[in-house]
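Here's a quick briefing to read alongside the model. Have the sequence and the 3D view open while you go through it.

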Amino acid sequence: PNAGEPSTKAKVEQDEEMAMAEPVARADDEQMGDMEKQQDRKRAREDDQGEEEESAARGVERFIAPVSPAGPPWLDSRTGAVLDPALVEIGMTNELESLQEFEVGTDVPEEEPKDLGKKVVNCGWVLSERGPDRVKCRVVAQEINWGDWADVFAATPTTAGQRLLLHHAAVLGMEVVLADVSTAFLHAALPEPVYVRPPSNVRRQGMVWKLSKALYGLRKSPQLFQEHFATRVGVLGWKRLVADAQVFVHPRGWLMSAHVDDLLVVVPQADVANMKKEMESQFKIKWTEQLRTDRWSKYIGREWRKAVTGTGFDVRIPASYYDRLLKDHRLEACKSVSTPFVTAGHSYGSSTKIEDIALDDAHAYQFRHSVGQLMWLLPERADLSFAVKELARHVQAPEERHWADLKRVLRYVKGTVDMV
């Protein structure tokens, strides 16, 4: 051999040593992966034990909100929290005045629908606390769809369509204006009268409501408002796209995406005032704000702003969404991890060290619920795509190992809540 090179015998011995060391190293990696998985499962069991003890102390069944259909006391329809009766009274008064303003319906004797062979739909209050000094109240019908699902179908805009509008605004330097159609469904007329039984605290003895407008909760209300909206903006010159039924184009180059009553309008700065005036001639609209670089604006569950550097727009998930997701698993103060799943060459969700036991009904429900919440993040959180996809494969029959994997993903989410 040349100077400095090992002999043939030395090479053979070196190769043999490397070959013997390779399975040892692989075994070490596998052992590290198993240890990491066992630590995840141990933390998951500890979290679950604490959660069950806390639930038992409260005396409240998991996942059941103590919501009352009538009051007082009046309860938040989402959280079950007791609401200030004075604020509830103000909210209910505002709602009843709105129904009167839009001439939604009239009182008729309860014998009228009986004589006509019409069903009477029950109504109730849906209450939502919107800050320390406001409670939003809605009279909502509790109608069941007796026909085919297509009879009540209403489209929603695609995320691709919304992003296309934002791209158009970035390239052409146009303004992005956000708006909300107030009491949207009440704008749309019903094709035939519907009879409803109003909430008990506003019901007159022997009377029901005969509706002429689309009340919230009626199965056809979303579809009726959607068609009403398209017709009214058509009067202003807006044309509805065939490819995306909730995206509209104006001859002046304006663009609009309508997600039920939430509007995103792309328009040149010089035309903003004129556009608002035209829209207000057809609808009762609350203009929220225009996208800027110095603040985040909420739109359909996301927060948006103009990019601080360069052109384009930034989008992020609100911190409150992450907080609720982590709070459901008592992980608000957990330690974060750097990856959403274990490495070391292991297949995701596999385990040979811990027995695979099916989750009980309560945990299986929460597993499916949490996976659904994580899936909602994916359009803005591509880093979670693989991990959430693997979790979603097991929603039908989740086991303890999948529960530990879910906790691992949530620990990763804890450390990435600021991602934009």
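In what kind of crossing does H8 pass H10? H8 passes H10 in a left-handed crossing, where left-handed means that the near helix is turned anticlockwise from the far one by less than a right angle, and right-handed that it is turned clockwise. Keep in mind that this is a predicted model, where local features need pLDDT of at least 70, side-chain atom pairs count only at pLDDT 80 or more, and totals for chains, interfaces and linings use all residues. Residues are numbered from 1 along each chain as its sequence is written, and side-chain values use heavy atoms, with hydrogens and water left out.

**Overall picture**

- The protein chain comes to ten helices and 14 strands; these are DSSP runs numbered from the N terminus, with helices being H or I of at least four residues and strands E of at least two.
- Of its 420 residues, 40% count as buried (buried is under 20% relative accessible area, exposed over 50%, partly exposed in between, with a 1.4 Å probe and protein chains only).
- Take the contacts between residues at least 6 apart in sequence: 68% of them join residues at least 24 apart (a contact means heavy atoms within 4.5 Å).

**The cores**

- The largest nonpolar core has 52 residues; a core here is a set of buried Ala, Val, Leu, Ile, Met, Phe, Trp, Tyr and Cys residues joined through side-chain atoms within 4.5 Å.
- Helix H5 (residues 221-235) gives this core its largest share, five residues.
- Leu127, Leu215, Phe229, Trp238, Met256, Leu263 and Met279 are the residues with the most contacts inside that core.
- One of them, Trp238, touches Val233, Phe248, Val249, His250, Trp254, Leu255, Met256, Val265 and Met279, leaving out residues up to four places away in sequence.
- There's also a second, separate core of 23 residues, with Tyr321, Leu326, Ala364 and Leu374 among them.
- As general background, nonpolar side chains tend to be buried together in soluble globular proteins.

**Helix packing around H8**

- The axes of H7 (residues 319-327) and H8 (residues 361-377) come within 11 Å and cross at roughly 160°; axes are lines fitted to C-alpha atoms, for helices over the stretch in contact, and angles run from 0 to 180 degrees between N-to-C directions.
- That makes H7 roughly antiparallel to H8 (over 145 degrees is roughly antiparallel, under 35 roughly parallel, 65 to 115 roughly perpendicular and the rest oblique).
- The crossing of H7 and H8 is left-handed.
- On the H7 side, Tyr321, Tyr322 and Leu325 meet Ser370, Gln373, Leu374, Trp376 and Leu377 of H8.
- By class, that contact of H7 with H8 splits into six nonpolar, two polar and no charged residues (Ala, Val, Leu, Ile, Met, Phe, Trp, Tyr, Cys and Pro count as nonpolar, Asp, Glu, Lys and Arg as charged, and the others, Gly among them, as polar).
- H8 also packs on H10 (residues 400-414), at an angle of about 35° and with the axes 11 Å apart.
- In this pair, His363, Gln366, Phe367, Ser370 and Leu374 of H8 meet His402, Trp403, Leu406, Val409, Leu410 and Val413 of H10.
- The contact of H8 with H10 has seven nonpolar, four polar and no charged residues.

**Residues to click on**

- Glu278 sits in helix H6 (residues 272-280) and counts as buried because its relative accessibility is 17%.
- Outside the four places either side in sequence, Glu278 touches Leu236, His250, Arg252 and Trp254.
- Ala188 is in the loop between strand E4 (175-181) and strand E5 (189-197), and at 0% relative accessibility it is buried.
- Leaving aside neighbours within four places in sequence, Ala188 is in contact with Lys213, Ala214, Leu224, Phe225 and His228.
- Lys220 is in the loop between strand E6 (207-213) and H5, and is partly exposed at 33%.
- Beyond neighbours within four places in sequence, Lys220 is in contact with Asp151 and Val152.

**Positive phi**

- Thr183, in the loop between E4 and E5, has a phi near 40°, a positive value in a residue other than glycine.
- At 10% relative accessibility, Thr183 is buried.
- Val260 lies in the loop between strand E9 (255-259) and strand E10 (262-267), and its phi, near 60°, is positive too.
- Val260 counts as partly exposed, at 34% relative accessibility.
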